[in-house]
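This briefing goes through a few local features of the structure shown below, grouped by topic. Please keep the sequence and the model in view while reading.

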Amino acid sequence: MKKFDAVVIGSGVAGLSAAFGLKKSGKTVAIVENDLWGGTCPNRGCDPKKVLIAAVEAKDHVDQLKEKGFAASPDIQWSELMAFKRTFTEPVPQSRQDSLQKSGIETLVGSARFLDAHQLQVGETVIQSKQFLIATGQRPMILDIEGKEFFKTSTDFLDLDVLPKRIAFVGAGYVSIELATIAQAAGAEVSIIHHNDQPLKAFDKDLVGELMEQLKERGVQLDFNVDLQKITKNSDDSYQLQGQGFEKEVDLVICATGRIPNVETLQLENAGVAYDKHGIIVNEFLQTSVPTIFASGDVLAKRIPKLTPVSTYEANYVVKAMDKIGEAIHYPSIPTIVFGSPKLAQVGVTAKEAVEHPEKYTIREKDLTSWFTYHRVNEPVAKAKLIFENKQLVGATTLSGHADELINLLAIAIDKKINAAEIKRFIMGYPTTASDLSYLL
């Protein structure tokens with residue numbers, strides 16, 4: 001039987017960060033992975049998605065300047081774009097495993113299951129550890145309807161050799177919006193099917209509405225208030241989608257109705273680890289119901305956004321907590337971004353919260369479309385909604401092609417409590433998104 005000081009289950013960003021950190025602290029460490037080394041983000045998540053989004057951004061820039069310096073709209077060559085994407089994704093699993101092994105971390109391939117609170121079985125190998133970290137992440141949830149076997153997921157979309165002519169995305173969360181944006185820009189006929197009329201429900205309703213209008217102008221069909229009930233495969237390999245008073249024929253149907261935690265095969269009951277349908281339950285020190293077993297990343301049952309940088313942040317905290325329990329984990333303001341066209345980003349207190357507490361918060365809405373930063377590239381819409389407590393920024397939502405850059409700056413202003421007077425003491429490079437801050441706050 002092999003014995004370790006710490007064993008990490010899962011090699012995504014949380015697992016990798018923790019494994020390297022634990023090894024650096026002097027512990028003997030093993031890490032277990034049953035799929036691709038590196039996890040979702042670099043293999044089939046945010047990184048490959050962002051490579052594809054880069055093509056959308058380039059096309060948008062030219063489209064916006066048509067007859068203002070450019071004569072024609074460029075076409076995205078899907079096969080070339082996919083080949084470029086694979087230069088990023090294909091080396092990942094081997095490079096991540098090699099890095100772990102070179103650091104002296106033992107790598108184990110296979111599904112892990114707990115025998116008890118101190119023993120884990122991987123294949124035929126039983127290992128013992130003083131402490132464990134569960135960082136197994138999530139996977140796409142499949143809607144339980146007739147014909148569900150015909151659903152594909154975001155994983156499939158991000159590795160398509162050929163882009164189908166007609167694609168339906170079921171669900172209206174950030175994954176669906178982002179992939180629909182990519183598919184439409186690349187030339188597909190795209191529809192988004194959702195069971196109600198509230199897409200991106202965690203984001204500001206007004207700016208979500210603006211984003212939906214932009215999607216419609218681009219040609220995306222929004223089939224809202226549709227309860228999809230059945231998928232049938234046709235003789236020509238197309239698919240018939242059916243619901244109450246709804247029917248549509250497509251060549252590919254992507255299920256993007258949420259994600260579920262990867263816990264089933266771990267046999268957590270053997271170790272006494274508590275969990276529910278949302279994931280593993282932890283305390284403020286990221287300990288499970290068993291103090292020597294920690295968890296971090298997307299596998300957690302938590303209200304905090306399940307995002308790559310959050311997973312890394314939690315893993316770094318766990319490394320210290322495994323050595324010595326100190327202060328409870330404290331999260332800074334966490335920006336969330338929908339990489340659509342335009343992009344939608346949000347951080348801190350929401351407008352919904354502000355409306356519910358008018359005695360505490362003030363909302364300022366700004367139309368930035370005519371500001372030089374956006375007008376110089378002829379963006380169709382640029383807006384921001386800012387939330388203040390007294391004169392201090394505490395929340396923001398912004399919609400534009402620069403929203404991803406702006407939201408990070410606003411997050412810093414929130415966390416560091418930088419107000420308008422302090423911003424004016426900075427000299428920013430001009431004209432940039434940062435130089436707009438003094439006019440925003």
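With a relative accessibility of 1%, Ser296 counts as buried, a value that comes, like everything below, from a predicted model. Ser296 lies in the loop that connects β18 (293–295) with α10 (308–323). Leaving aside residues up to four places away in sequence, Ser296 is in contact with Ala14, Leu133, Ile134, Ala135, Leu286, Glu314, Ala315 and Val318.

**Helices α3 and α4**

- The axes of helix α3 (residues 46–64) and helix α4 (residues 78–89) come within 9 Å of each other and cross at roughly 145°, and the crossing in which α3 passes α4 is right-handed.
- On the α3 side the contact is made by Pro48, Val51, Leu52 and Ala55, which meet Trp78, Leu81, Met82, Phe84, Lys85, Phe88 and Thr89 of α4.
- By residue class, this contact of α3 with α4 comprises nine nonpolar residues, one polar residue and one charged residue.

**The four-stranded sheet**

- Four strands form an open sheet in the order β10-β9-β8-β14, and their pairing is parallel.
- The edges are formed by β10 (221–223) and β14 (252–255), each of which pairs on one side only, while neighbouring strands of the sheet are turned against each other by 20° on average, direction ignored.
- Strand β9 (residues 189–193) runs parallel to β10 and is joined to β10 by three bridges, with Ile193 standing opposite Asp223 of β10.
- Helix α7 (residues 174–185) packs on this sheet, where α7 touches β8 (166–170) and β9, and the direction of α7 makes about 165° with that of β9.

**Aromatic pairs**

- Across the whole structure, a search finds seven aromatic pairs.
- One of them joins Phe157 and Phe169, whose ring centres are 5.7 Å apart and whose planes stand at 70°, so this pair is edge-to-face.
- Phe157 belongs to helix α6 (residues 154–157) and Phe169 to strand β8, so that the pair links distant parts of the chain, twelve residues apart; both Phe157 and Phe169 are buried.
- Another pair is formed by Trp371 and Tyr439, with ring centres 6.4 Å apart and planes at 80°, and is therefore edge-to-face.

Technical notes. Residues numbered from 1 in each chain as written. Predicted model: local features only at pLDDT ≥ 70, side-chain atom pairs only at ≥ 80, totals over all residues. Heavy atoms only, no water. Helix = DSSP H or I, 4+ residues; strand = E, 2+ residues; numbered from the N terminus. Buried < 20%, exposed > 50% of the residue type's maximum accessible area, 1.4 Å probe, protein only. Contact = heavy atoms within 4.5 Å. Axes fitted to C-alpha atoms, helices over the stretch in contact; angles between N-to-C directions. Left-handed = near helix turned anticlockwise from the far one by under 90°. Nonpolar A, V, L, I, M, F, W, Y, C, P; charged D, E, K, R; others polar. Pairing = 2+ DSSP bridges. Phe/Tyr/Trp six-rings, centres within 6.5 Å; stacked < 30°, edge-to-face > 60°.
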